[in-house]
Amino acid sequence: MINVENITKRYRTLTAIEKVTFTVKKGEILGFLGPNGAGKTTTMRILTCFTSPNEGTVQVAGFDCFEQALEVKKRIGYLPETPPLYHELTVMEYLLFVGRLKGLPSWRIPSRMDSVIEQVGLGEVRRRIIGHLSRGFRQRVGLAQALLHDPPVLILDEPTVGLDPKQIIEIRELIQSLVGSHTILLSTHILTEATAICQRVTIIHKGRIVAVDSPERLSARLRQSEKMSLTVKAPPPDWIERLRAFPGVMSVFQGPSIETCLIECKLGHDIREDLARFVVNQGIGLLELKTVSMSLEDVFLHLTQHDEPPPPTDPLTQEIL
Amino acid sequence: MSPVPTIIAKELRCFFVSPIFYIIGAVFLFIAGFLAHLMVVNAGQQALRLMQVQNVSAQLNLNDLVFRQVFLGLEMVLMFILPMLTMRLFAEERKLRTLELLLTSPIGINELVSAKFMSVLLIYLGLLGLTGITPLVLSLYTSFDWNPILTGYLALALQGGLFLAVGVLASTMTENQIVAAFLGFGLIFVIWLLGGLGDLLGNTPVGHFLSYLSFTEHFDRLVRGLLDTKDVVYYVTGTVLMLFIAHRIVDSHRW
Ligand SMILES: Nc1ncnc2c1ncn2[C@@H]1O[C@H](COP(=O)(O)OP(=O)(O)OP(=O)(O)O)[C@@H](O)[C@H]1O
Ligand SMILES: [Mg+2]
């Protein structure tokens with residue numbers, strides 16, 4: 001549904017994105033993850049024909065973004081980074097304007113308006129002036145605007161920014177309910193959000209794609225060691241040193257309290273049984289022993305900490321880059 | 001519904017809730033009324049003087065004494081006021097990022113630019129129509145030639161259209177409304193100066209060319225009651241050219 005090939009966008013001397021390539025299949029939801037300034041918004045603006053890339057081609061729903069921009073625009077619902085709102089209009093007036101602008105037939109506008117107002121929870125403010133709404137409500141109006149003409153492709157730039165926790169969950173559920181019938185590209189820097197709703201995640205950093213995979217596989221792929229945390233009741237003073245002497249252990253850190261330590265061993269060495277035996281033999285009182293899996297959070301930091309993207313060693317990444 | 005009427009309707013809605021529109025309207029109507037009042041009083045005094053000197057009731061030419069003066073005065077007023085009407089059209093859309101909505105909707109940039117232009121043109125023509133009260137009222141008391149008045153209004157409409165198109169162009173060049181207003185005024189002023197330069201050069205090809213580029217000679221002819229297609233063509237091509245450049249500028253923001 002969305003086909004991006006080798007797009008590069010330069011702003012004078014600054015290269016915002018470089019040779020970005022990815023695809024989103026019909027009915028799929030792809031998460032676009034990256035730190036500030038990574039190029040998420042720039043990429044989305046290119047997909048929606050708002051800006052043009054310096055190089056590369058983009059196809060949405062089978063139409064070229066440059067040659068057949070009008071056809072592409074008809075099929076995209078876009079929530080920009082800053083919701084594009086007219087502050088002097090009421091919510092209803094604004095949605096009516098957007099409906100006509102998007103070419104929705106007049107007879108469909110009222111029913112579509114009612115349904116998006118219901119979907120994003122704008123019922124109580126539908127007659128209020130947008131300029132008087134709170135930030136979260138404005139974000140919802142922006143979302144309503146993107147959904148209004150029921151487009152097959154949705155491009156949402158940080159859709160849950162500024163919403164309260166309850167609303168975040170509602171909007172995530174709403175987006176999930178659209179998966180399958182819609183093709184969705186969503187950007188975020190909240191990693192739990194990407195894990196929660198996206199089937200695949202693309203990590204973009206400094207204008208380059210550094211990884212594309214499902215959230216689970218991403219964290220599995222980047223796991224380089226087994227980590228576990230151990231908490232005991234009465235730690236002996238030299239226990240850290242003694243733990244370090246275990247076969248396969250690479251490092252042991254104390255913390256966050258003196259009773260707890262984080263043990264890192266080589267991949268494939270699960271030493272939990274040995275640890276349990278050690279604790280029981282010493283009689284220091286086992287309180288907790290668990291493995292710590294690398295969260296997407298860690299993956300993200302790992303991939304984006306380095307200035308240079310990590311060399312694409314494993315075949316999966318190779319294929320993608 | 002085609003996008004052009006939709007955008008026009010939205011623009012008008014936004015104008016009618018903005019104070020700047022009421023200020024501009026009030027200032028324009030006040031100056032138009034005040035100028036007419038001054039000229040009528042002036043004409044009355046001249047008539048009295050003539051009566052004392054010649055002892056006959058004088059037949060005054062109201063077209064020369066009142067209407068032409070009012071039209072020439074309004075020409076100046078438009079230079080200042082119309083850029084203030086157009087300043088927000090694109091500058092505000094850029095500032096509030098709503099241009100992103102318009103440009104990612106299935107409408108052409110030409111539709112967008114012409115809708116914006118037509119919205120301010122409608123407002124301006126509405127205001128201009130209100131000043132038509134002056135000749136209507138005066139016609140109750142005296143008689144004058146309607147021809148130069150009709151061509152005068154045509155001149156004001158065409159000239160206003162040109163100024164508005166320049167203002168639209170200025171508004172596409174910046175995010176700042178105030179800058180857009182000054183830029184619009186500056187551009188109009190430059191076009192006006194071209195005429196002065198043309199006059200200085202006098203009867204030379206370059207002089208004629210420069211005078212042709214400026215609006216003053218076209219305006220003067222129309223106000224004197226001379227309806228010439230050449231002048232109408234000047235205004236129409238000028239307006240279309242300005243809107244075309246505005247279109248190119250909006251399009252260039254993509255890069
Ligand atoms: N109009 C512009 N002119 C110049 N540089 C720009 C422009 N828009 C974006 N950039 C630059 O391009 C880079 C990518 O910006 P972009 O907005 O795509 O980042 P982002 O991933 O959306 O970040 P964030 O998470 O903060 O929204 C940044 O370095 C930014 O400064
Ligand atoms: Mg962004």
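## The largest cavity

In chain B, α2 (19-54), α3 (62-86), α7 (133-141) and α8 (146-172) each supply at least two residues to the lining of the largest cavity. Helices here are DSSP runs (H or I, at least four residues), numbered from the N terminus. This is a predicted model, in which local features need pLDDT of at least 70 and side-chain atom pairs count only at pLDDT 80 or more, while totals for chains, interfaces and linings use all residues. Residues are numbered from 1 along each chain as its sequence is written, chains are lettered from A in the order in which they are written, and side-chain values use heavy atoms, with hydrogens and water left out.

The space in this largest cavity is about 90 Å³. A cavity is a set of points, on a 1 Å grid over the protein atoms alone, where a 1.4 Å probe fits but cannot get out, and lining residues have an atom within 4 Å of a point. Grid points are joined across faces, edges and corners, and a volume is the space filled by probe spheres set on the points. The largest share of the lining, 5 residues, belongs to α3(B). Among the lining residues are B:Phe67, B:Phe71, B:Thr131 and B:Tyr153. By class, the lining has 10 nonpolar, 2 polar and no charged residues; Ala, Val, Leu, Ile, Met, Phe, Trp, Tyr, Cys and Pro count as nonpolar, Asp, Glu, Lys and Arg as charged, and the others, Gly among them, as polar.

B:Glu11, in helix α1 (residues 3-16) of chain B, touches B:Arg88, B:Leu89, B:Glu93, B:Lys116 and B:Ser119, leaving aside residues up to four places away in sequence. Contact means heavy atoms within 4.5 Å. B:Glu11 counts as buried because its relative accessibility is 0%, where buried means under 20% relative accessible area, exposed over 50% and partly exposed in between (1.4 Å probe, protein chains only).

## The largest pocket

The largest pocket holds about 380 Å³ of space. A pocket is an open set of grid points with protein on both sides within 12 Å along at least five of seven lines. Of its 17 lining residues, the closest to the centre are A:Arg45, A:Phe50, B:Arg97, B:Glu175 and B:His253. The lining has 5 nonpolar, 4 polar and 8 charged residues.

The largest nonpolar core has 119 residues, and A:Tyr94, A:Leu95, A:Leu122, B:Phe28, B:Leu85 and B:Phe215 touch the most other members. Such a core is a set of buried Ala, Val, Leu, Ile, Met, Phe, Trp, Tyr and Cys residues joined through side-chain atoms within 4.5 Å. A second, separate core of 28 residues includes A:Cys65 and A:Tyr78.

A:Cys65 is buried, with a relative accessible area of 9%.
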